[in-house]
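Subject: Structure handover

Hello,

Here is the structure I promised to pass on. Please open it alongside this message.

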Amino acid sequence: MDTIASLFSFITTPVSWVIVQFHSVYGALFGPDTGWAWGLSIVSLVILIRICLIPLFVKQIKATRAMQTLQPEMKKIQERYKNDKQRQSEEMMKLYKDTGTNPLSSCLPILAQSPFFFALYHVLNSIASNDTIGVINTSLLESAQKAHIVGAPLAVKFTDSSSKVEALGASLTDVRVVTAVMIVLMSASQFFTQRQLMTKNVDTTVKTPFMQQQKMLMYVFPIMFAVFGINFPVGVLVYWLTTNVWTMGQQMYVIHNNPTPGSKAQASYLERLHKHVTTHGKVSRRRDRAIVKAIVVKGRDRNEFERKFINGLNKAGLAAQADGTVIKSDTAVAVEAEDGTPTTGTPKRQQPKRQTKAKRQSGATKAAGESEPKTSLTKSDEPEDAKPAAAAKKSGSGTRSKAQSGQRKGPQRPKSPSKK
């Protein structure tokens, strides 16, 4: 580990200088030899580094979403060229080039942060070994060795011997308890951060191998932190715990305000946005207008949550515009069906329910029973002279129709006389 850390020795001087500058500020408030002064100096170093890494974090989010979008295409390439690994790699690189995606962009924050991590480890290891490093001279070295964080010296580890711990003015029990608690908190924060990403900010409409990889990392990273954490000094544990908490809070902010399309976080975000827009009749924030604009541009390619958002605005008498704004609409606006095709907002006409055969027969019998008394009691308005004629006409037509039914058209052949 010392060999790896020595490779980043070029940055130990800037890191030690930043820590000393923060220590001079906090030392004036809490005392130069206290754990608060040195601990807050390390926390402030983390915050300063993470603020500088915010552009890389934004690029990481964009790269991760781009990789999620490309997973179906990547899977097709893998299936098409599964017997030709070289052609498969060439097609993958071509896909990355055409879409402007870099798979390593998702690792940029970790790669950029690793030199500071190893430099801080080297600084704290030198303090534990009673060696000056960077701008930390002899007086600052003695002050850092006296600093205790909740009873544990800044430079001790979980695996240190009792003699080394006692030489720094602490007990082995206090050191083990403090480091164990910090390792558990560090692993738990890492697990919660990864689980939050998997359960809330992943597109649930597309099942890809990328999701399986993320689920596996959700359990692998906390175990790695727990295993390696016993070899980290207390100051490094403070650094890494602060980093995990910052990452967790930063990710919560991103998921809340800029979720991945198709995820549960997007459904919650669009519900809040719909409530705000229907209450105030407009889109207030620029970020919200950008998201509404992106949804309008998608058209038929909108997902389920986006169609529900647009339909909700239409039902409320509002219409989303191409620039991300919302206007009032007096006319009936078409809403989108599940497949994305526009349909009118008028309800469909409902067909009557089909009755059973027993009900139809009972209804017909009842109707016939009700109609018979009416015909027998009703008097005809026709005169008496017309009744026989009408009856004769009716009987004649009925006889003719009966006679003609079953006979062919045209003149009939006379029957031959019977021979007697």
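Below is what turned up, grouped by topic. One caution before the details: this is a predicted model.

Salt bridges

The count comes to 4 salt bridges. Three of them are described here, including the pair Arg87 and Glu91. Their side chains meet at 3.1 Å, N to O. Both residues sit in helix H5, which covers residues 85–99. They are 4 residues apart, about one turn of the helix. Arg87 has 34% relative accessibility, so it counts as partly exposed. Glu91 counts as buried, because its value is 18% and the cut-off for buried is under 20%.

Arg285 pairs with Asp288. The closest N and O atoms are 3.0 Å apart. Arg285 is partly exposed at 40% relative accessible area. Asp288 is buried at 3%.

Lys298 and Glu306 form another salt bridge, at 2.8 Å from N to O. Lys298 is partly exposed, with a relative accessible area of 31%. Glu306 is buried, with 2%.

Helix H12 spans residues 264–280, and helix H14 spans residues 304–315. Their axes come within 10 Å and cross at roughly 10°. Angles under 35 degrees count as roughly parallel, so H12 is roughly parallel to H14.

Surface patch

Which residues make the nonpolar surface patch? They are Met216, Val220, Ile223, Met224, Val227 and Phe228. The patch has an area of about 550 Å². Take Ile223 as one of its members. Ile223 lies in helix H10, residues 209–229. Its relative accessibility is 54%, and over 50% is exposed, so Ile223 counts as exposed.

Val150 is not a glycine, yet its phi is positive, at about 55°. Where does Val150 sit? It is in the loop between strand S1 (148–149) and strand S2 (152–153). At 70% relative accessibility, Val150 counts as exposed.

Best wishes

Notes: Residues numbered from 1 in each chain as written. Predicted model: local features only at pLDDT ≥ 70, side-chain atom pairs only at ≥ 80, totals over all residues. Heavy atoms only, no water. Patch = residues over 30% accessible without salt bridge, like charges linked within 9 Å, V, L, I, M, F, W, Y side chains within 5 Å. Areas by Shrake-Rupley, 256 points an atom, 1.4 Å probe, with all protein chains shown as cover. Helix = DSSP H or I, 4+ residues; strand = E, 2+ residues; numbered from the N terminus. Buried < 20%, exposed > 50% of the residue type's maximum accessible area, 1.4 Å probe, protein only. Axes fitted to C-alpha atoms, helices over the stretch in contact; angles between N-to-C directions. Parallel < 35°, antiparallel > 145°, perpendicular 65-115°, else oblique.
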